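Please read the following alongside the sequence and the coordinates. The text goes from single side-chain pairs to the chain as a whole.

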Amino acid sequence: KQWYQRRVAITAGMNHSIEWVASAINIFCKAIFHLSLDNVHEHLTKRLHGSCDWERVENGAEKHKLCLQLLERVVYAKNETDYAINLKELEMAGPATFMEYFYNNWNNKKD
């Protein structure tokens, strides 16, 4: 009976360890994914900023701010519907050169 109780205790400890490792891996993967999104967002923000002479555009500062907000919503979209809605709004507000760059280089990498 003692042998069986020890075995149960060891098995329970192993299950706890396995659950902890699985949880740690899940947290790590989410962190890496988030860092990756942060890098994409940072790159696209720089590209958007340089895609237009915002000071020469009428209401350029406001349009630039709106484009940055929409870009953030696109990059961090929770689902396909939010992605599509925000991307459509970004298309209407964003410079054509940026949108061309985005579609040629990033839109197909959304997964």
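Which side chain meets that of Arg56 in a salt bridge? The partner is Asp53, with N to O at 3.0 Å; a salt bridge here is a side-chain nitrogen of Lys or Arg within 4 Å of a carboxyl oxygen of Asp or Glu. This is a predicted model, in which local features need pLDDT of at least 70 and side-chain atom pairs count only at pLDDT 80 or more, while totals for chains, interfaces and linings use all residues. Residues are numbered from 1 along each chain as its sequence is written, and side-chain values use heavy atoms, with hydrogens and water left out.

Arg56 has a relative accessibility of 74% and therefore counts as exposed, whereas Asp53, at 41%, is partly exposed. The classes are set by relative accessible area: buried is under 20%, exposed is over 50%, and partly exposed is in between (1.4 Å probe, protein chains only).

The whole structure contains 3 salt bridges. One of them joins the side chains of Glu42 and Lys46, at 3.3 Å from N to O. Both residues belong to helix α1 (residues 2-50), where they are 4 residues apart, about one turn of the helix. Helices (H or I, at least four residues) and strands (E, at least two) are DSSP runs, numbered from the N terminus. Glu42 is partly exposed, its relative accessible area being 43%, and Lys46 is exposed at 56%.

Another salt bridge is formed by Glu91 with Lys88, the closest N and O atoms being 3.4 Å apart. Glu91 and Lys88 lie in helix α3 (residues 80-93) with a spacing of 3 residues, about one turn of the helix. Glu91 is partly exposed at 28% relative accessibility; Lys88 is partly exposed too, with a relative accessible area of 49%.

The loop between α1 and α2 contains Asn59. Its phi is near 55°, a positive value in a residue other than glycine. Asn59 has a relative accessibility of 44%, so this residue counts as partly exposed.

Helix α2 (residues 60-75) contains His64. At 14% relative accessibility, His64 is classed as buried. What does the side chain of His64 make a polar contact with? The partner is the side chain of His49, at 3.3 Å. A polar contact is a pair of N or O atoms within 3.5 Å; within protein, one must be able to donate a hydrogen and the other to accept it, and residues adjacent in sequence count only if both atoms are side-chain atoms. With neighbours within four places in sequence left aside, His64 is in contact with His49 and Trp54, contact meaning heavy atoms within 4.5 Å.

The next topic is the aromatic side chains. A pair of aromatic rings is described by the distance of the centres and the angle of the planes. Rings of Phe, Tyr and Trp (its six-membered ring) pair if their centres lie within 6.5 Å; planes under 30 degrees apart count as stacked, over 60 as edge-to-face and the rest as tilted. The structure has 2 aromatic pairs. In the pair Phe98 and Phe102 the ring centres are 6.3 Å apart and the planes are at 35°, so this pair is tilted. In the pair Phe102 and Tyr103 the centres are 6.0 Å apart and the planes are at 80°, which means an edge-to-face arrangement. Phe98, Phe102 and Tyr103 form one aromatic cluster.

Phe98 and Phe102 both lie in helix α4 (residues 96-105), 4 residues apart, about one turn of the helix. Both of these phenylalanines are buried, Phe102 with a relative accessible area of 3%. Tyr103, at 32% relative accessibility, is partly exposed.

A charged group also sits over a ring: Arg47 lies over the face of Tyr101, 3.7 Å from the ring centre. The criterion is NZ of Lys or CZ of Arg within 6 Å of the ring centre and within 35 degrees of the ring normal.

For the chain as a whole, the secondary structure comes to 4 helices and 0 strands, with the order α-α-α-α from the N terminus on. The chain has 111 residues, and 21% of them count as buried. Among contacts in the chain with a separation of 6 or more, 51% are between residues 24 or more positions apart. The chain exposes about 8600 Å², of which carbon and sulfur atoms supply 57%; accessible areas come from the Shrake-Rupley method with a 1.4 Å probe, and for residues only the protein chains shown count as cover.
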